[in-house]
Amino acid sequence: MSAQFITPPLTPLTDDKGILLARLIDGLDTQALWWLSGYSAGLAGNQTGIAPSVGAPAVPAATPITVVYGSQTGNAKRIAERLVADLESGGAPVRLVRADALALRELKSERLLYVVISTQGDGDPPDDARGLIAHLSGKRAPQLPDLRYAVLGLGDSSYPQFNAIGRKLDSRLAELGAQRLFDLGEADLDIETIADPWRKQALDRAIELTPAATSRSSVVPLRAVASKAKHDRDAPYLAELLANQRITARGSEKDVRHIELSLAGSGLSYTPGDALGVCPQNSTELVRNVLDLLQLDGDASITQGSETHSLRHWLQVRRELTRIGRPFVAHHAAAAAHAGLNRLLAPEQSATLIKLLGSHQLIDLLRTYPARWNADELIGALRPLTPRLYSIASSQTLVGEEVHLTVAHVDYEAFGHRHQGVASNFLARSDDDARIPVFIEHNERFRLPSDGSRDIIMIGPGTGIAPFRAFVQERAATGSSGRNWLLFGNPHFQCDFLYQVEWQEALRDGRLDRLDLAFSRDQANKVYVQHRLRENGRELHDRLRNGAHLYVCGDATRMACDVEDALLDIFGEHGNGDREQAAEQLAALREEGRYARDVY
Amino acid sequence: MSTSSSSVETIKQNSQRLRGSLLDSLSDAHTGAIRADDTVLIKFHGSYQQDDRDLRDERRQQKLEPAWSFMIRTRTPGGVVTPQQWLALDAIATRYANASLRVTTRQAFQFHGVIKRELKATMQAINASLIDTVAACGDVNRNVLVSANPVESRSHALVYDWAARLSEHLKPKSRAYYEIWLDEQRIAGGETESEPMYGETYLPRKFKIAFAVPPHNDVDVFAHDLGCIAVLEDGQLAGFNISLGGGMGATHNDAETYPLLGQVIGFVRPDQLFAVAESILTTQRDFGNRDVRKRARLKYTIEDRGIDWFKSEVEQRAGFALGPARAFAFEHNGDRFGWIEGHEGRWHLTLRIEAGRVADRGKATHLTGLREIARIHRGDFRLTANQNLIIANVQAAERAAIDALVTTHQLDLYRNASPLRLNALACVALPTCGLAMAEAERYLPDLIGKVETLLAKHTLEDTPIHLRISGCPNGCSRPYLGEIALVGKAPGRYNLMLGADRRGQRLNTLHRENIDEATILGELDRLFARYAAERNTEEGFGDFLVRAKVIRPPAGIPVQVIA
Ligand code: SRM
Ligand SMILES: Cc1cc2nc3c(=O)[nH]c(=O)nc-3n(C[C@H](O)[C@H](O)[C@H](O)COP(=O)(O)OP(=O)(O)OC[C@H]3O[C@@H](n4cnc5c(N)ncnc54)[C@H](O)[C@@H]3O)c2cc1C
Ligand SMILES: Cc1cc2nc3c(=O)[nH]c(=O)nc-3n(C[C@H](O)[C@H](O)[C@H](O)COP(=O)(O)O)c2cc1C
Ligand code: SF4
């Protein structure tokens, strides 16, 4: 829950909504506030015909009873359906949800929950409930003080783990502060023997708890508290790592991670299109190798300017070891007195030098061109370790005080040794509860159209997909009517289809209107996003003519250029003008802020 | 996939004779799966959608869909293929599937792990080898079994010929298969096409036929909807005894489902066979249970309406009465391994293929070995219903060359394995089978090893005992006809079934429910001890358990049936 604002006890709002509401009313004058209260009360009236009473009743009539089932072979589903029928005929507002369709983030806002769930495998959840059980068992499980519940477990007593899942869920919900309405039902193969009385009880309690009487609406105002100093690049926030999940499968050449961090209490907030700054640390192993190679003492205390640290600390936290610059090479060449290296520094050799800088980390330079360094000079010559940026892959409207990233782990073999990138490896090697120093890097040039009815076209191969995950989340959460067209590419369908399941769901329920895929290595001839663009040139051009916004994210070196090339051709062909005019049209789009790139 | 009857029936009804939306499903690039309804229809084309269950949870966490792939099953009556066809199938397995050929308990091949993108190419390659997959799965007549027995080559040839033609005769007539996989142009709206025998909704459930040539019952003739027991009189085929209503499939904790053996209802002359088979099929089509899929097999139709009613309905449709059943006797339902001389100085080598899986594993390079053999072999190959392989019709002069390859590629399990290992059956189960509750194929070698140790302990190592394991109660390895059977209930847990004979004429019975390996072995140890001490000479383990009243068997088929 937010540190800037405190949502009062017993509001039916989720924390996320609480924060939004708080933002909305921040600085409104009394008149506006009164108007707002009347307005929302009116809405509530239209919704339910009755308005909630002060202090939130047992079950605000607006919040329906939720019946969740986890079922492998349909038994639990069947029982759950019967219960729903009971409740409906009992006149209670009720909804039936399959466990994997229950929005976990909204659990907090549930008030009365009935769960019917079977046990499978050797005490395992049914497949459709794996996610729910995992979520509730995990440390991120929400506190559920306002929840009342009861559980019916389905099982088979010939198994050692009889009703393991029903039991687990029943006790876990209690642990999370929810209030058990009545005892866990443990059905055996003769399901009805237990299920029927359980259903009866569920119905009686529900009727008891659902308020009939209407009462006058009243508004519990939100009290804004002074927001504390924000974190930034110089004072990064130590964000707790919530998830570090590889999302490329076996057989992939890439190790891409889905990273989730908690911003709870940081006061940090972001907008889709922003990036997250990560202040990394070099791995102790790399530091050790450098020290050994230069035969330096890690404990030696070194002072630079006003700061004094051990040499080890300087190398690990304060200096770039994976990226070197020209000045350092010059410095090193002198020290190494290496003719070949010196020659590289000659102006006419700059191309070769750039190649060297791009392919050699410090350790490689030290290995190929040995030289002595003393600790002070080394720290003086190396560049300060700079933060790395990552496009934010989530929308706060959906994930509240979390931030998600899509990170390609730079991890490769070169010169007979394994190499890693400092930041991507820092994230990839961190496990739960690690604290990552972060800040928000706002990017006003990469924004969704303020007019939600505009179409958008998102070109995001590889990790370029990240900001578009945020875009689609945001557009759905804010109910934008514009069409969302995504173009994605990567080497293989089987192992590199980042967020495949999320996109499939988005397509199914219309949050994504179109998805074109280019898996380069799945056929003899390589296919990339720019090919898909060309194939659909007409459609692309039409959408742009009708005001669509175009976004490109990902690799700057090759992809961004190839895509721009394709765009120019398409403009030329369908805008029937020459390359000149095409370029002008593209420039015009950029001016209007309808062609934005986030490439790296 | 546990689809309810009604939904399957509607899907068939609306499929325009098995077309459904398969073409759209195949071209949808967002997923490696096909649409739910099409997963029902594609079975009729000989393929199943599956996913690698070992990877399911891992991929869920990776936000990836399951590792979808397709299993493809051939229609190979009697399991007879030429060396050229073997080479083609081997190439397909290597290029498109998981580099293995799976010999099934119905004398067919299965490919596993074919991805959607390459499904059509694979189907085309299979058909190019003059083998098809039509009706290899689905609610139709399935691949027709024939005793692999090649010794009585002449009579076998006669029976095989009838079986192959019957399989052809009972094929669906829809052109959907040829349009979808082989790019045949659709006849305008397909109006000119019809399914005279099956109708628009095909059968209520799968339908299975087997031909046995006594004294060998390697096909377990009584386990099938329709069993044809060849009656041979001095080398000539007099006709067939007809057995009806066999089936293995059951569901745990569902008293409405159970395995049954077929009942012999009479005799037909060869020229009457098609008429009778068709009448049986259409009677089941019209009276089979289409409301409750679990009760839709022929065996339940007969349970519900009575065998006499069914027989007279069939005779009425056929237009003649069945003759009285002739005498027949079965000796055993196993295979006979090693070299056997047949007619005209031709030799047949039966190889043991464990759980039917032909693949290269370390030094045991079975796939490569059989490729080498196929290159020089001039006879044919035959799959047995016990998941084994016969290199048939070899000239005496060519035996040596084949023996050499068999040894190099360690295809000689038949020489050194115990009788237990030679005769065991295991279904596929994990990781590909969507219905598996426990391991089977992958567990078999290990399990056999442990049981062998027990047998040795009681100096029973040379006693032939038939052990069968299925990953679930569907019974794909015909477990209910095993002297010992493990039927999967959950990971590492099985129902222990005991007491079948070795002739396929008596079902086993549930002995202990839902127990783990230790308990299973403990139980067998105890029973082996008694068996070793109290058995009569030549008395099989199953027969002993019955005599010793360890189990109470259901009534079986009389050992000697005299009409
Ligand atoms: C490959 C094979 C087992 C083997 O190890 O050889 C097999 C494998 C499967 N069988 Fe079977 N059955 C196989 C012979 C059998 C037999 C034995 C026989 O036919 O002689 C039976 C018992 C006899 C019977 O039908 O009663 C059998 C009874 C079943 C059943 C239960 C049918 C029933 O009436 O209850 C199912 C499940 C279903 O149909 O719903 C099934 C379903 C399956 C499926 C397709 C699972 C599914 O429906 O998703 C299995 C595919 C596993 C995989 O990954 O390959 N399979 N299946 C056999 C292929 C035969 C063929 O070439 O056509
Ligand atoms: C606005 C913005 C958004 C970004 N968004 C994302 C994002 O969403 N996801 C994401 O993954 N990244 C993103 N990046 C890139 C990210 O910031 C880092 O640059 C990247 O993660 C590499 O940093 P690192 O510290 O891991 O590697 P570094 O330590 O910076 O680089 C390692 C060194 O190895 C070299 N090198 C790398 N690979 C090889 C190779 N295969 N062979 C030889 N040498 C090699 C490099 O040239 C470099 O010298 C973004 C960048 C920007 C500017
Ligand atoms: C493979 C398998 C494993 C099972 N394991 C357990 C178990 O460990 N504990 C238990 O109580 N029930 C177990 N059961 C029994 C089921 O929970 C029971 O059949 C229940 O009614 C299924 O309900 P559903 O159809 O809603 O999934 C198992 C069932 C199957 C098929
Ligand atoms: S018996 Fe069950 S587990 Fe084994 S293959 Fe058949 S369906 Fe699958």
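Predicted model: local features only at pLDDT ≥ 70, side-chain atom pairs only at ≥ 80, totals over all residues.
Local features need pLDDT of at least 70, side-chain atom pairs count only at pLDDT 80 or more, and totals for chains, interfaces and linings use all residues. Residues are numbered from 1 along each chain as its sequence is written, chains are lettered from A and ligands numbered from 1 in the order in which they are written, and side-chain values use heavy atoms, with hydrogens and water left out.

**Ligand 3**

- Residues from chains A and B surround ligand 3, so the site is shared between chains.
- The shell holds 22 residues, and the closest are Ser71(A), Gln72(A), Thr73(A), Ala76(A) and Thr119(A). A residue counts as near a molecule or strand if one of its heavy atoms lies within 4 Å of it.
- A backbone N or O atom of Gln72(A) sits 2.7 Å from an oxygen atom of ligand 3. A polar contact is a pair of N or O atoms within 3.5 Å; within protein, one must be able to donate a hydrogen and the other to accept it, and residues adjacent in sequence count only if both atoms are side-chain atoms.
- Side chains contribute too: a polar atom of Ser118(A) lies 2.9 Å from a ligand 3 oxygen, and one of Gln120(A) lies 3.0 Å from a ligand 3 oxygen.
- Taken alone, ligand 3 exposes 640 Å², and the protein buries 92% of that. Accessible areas come from the Shrake-Rupley method with a 1.4 Å probe; for residues, only the protein chains shown count as cover.
- Two or more shell residues come from each of α3 (75–89) of chain A and β20 of chain B. Helices (H or I, at least four residues) and strands (E, at least two) are DSSP runs, numbered from the N terminus.
- By class, this shell has 6 nonpolar, 13 polar and 3 charged residues. Ala, Val, Leu, Ile, Met, Phe, Trp, Tyr, Cys and Pro count as nonpolar, Asp, Glu, Lys and Arg as charged, and the others, Gly among them, as polar.

**Ligand 2**

- Ligand 2 has 21 residues around it; Thr322(A), Arg323(A), Leu389(A), Thr406(A) and Ser424(A) are the closest.
- A polar side-chain atom of Ser424(A) is 2.6 Å from an oxygen atom of ligand 2.
- Backbone N or O atoms also approach ligand 2 oxygens: one of Gly358(A) at 3.0 Å, and one of Val422(A) at 3.0 Å.
- On its own, ligand 2 exposes 990 Å², of which the protein buries 75%.
- β14 (388–391), β15 (402–408) and α15 (422–428) of chain A give two or more residues to the shell. The largest share, 4 residues, comes from β14(A).
- The ligand 2 shell counts 10 nonpolar, 8 polar and 3 charged residues.

- The iron atom of ligand 1 has Cys476(B) (SG) as its only protein donor, at 2.3 Å. Donors are N, O and S atoms within 2.8 Å of the metal (3.2 Å for Na, K and Ca); water is not among the atoms, so sites may look incomplete.
- Cys476(B) is placed in the loop between β19 (467–470) and β20 (484–490) of chain B.
- Cys476(B) is also among the residues around ligand 4, which include Cys427(B), Cys433(B) and Cys472(B).
- The shell of ligand 4 has 8 nonpolar, 4 polar and no charged residues.

**Cavities**

- The model has 6 cavities of 30 Å³ or more. On a 1 Å grid over the protein atoms alone, a cavity is a set of points where a 1.4 Å probe fits but cannot get out; lining residues have an atom within 4 Å of a point.
- The second largest cavity has a volume of about 70 Å³. Grid points are joined across faces, edges and corners, and a volume is the space filled by probe spheres set on the points.
- Its lining includes Leu18(B), Phe44(B), His45(B) and Tyr177(B). By class, the lining of the second largest cavity has 7 nonpolar, 2 polar and no charged residues.

**Backbone**

- The Pro214(B) to Pro215(B) peptide bond is cis, with omega near 5 degrees. Pro215(B) is in the loop between β7 (209–212) and β8 (226–233) of chain B.
- Leu430(B) and Pro431(B) are joined by a cis peptide bond, with omega about 10 degrees. Pro431(B) lies in the loop between β18 (425–426) and α16 (444–457) of chain B.
- Glu538(B) is not a glycine, yet has a positive phi of about 70 degrees.

Methods. 1 Å grid on protein atoms, 1.4 Å probe; cavity = no way out; pocket = protein on both sides within 12 Å on 5 of 7 lines; lining within 4 Å.
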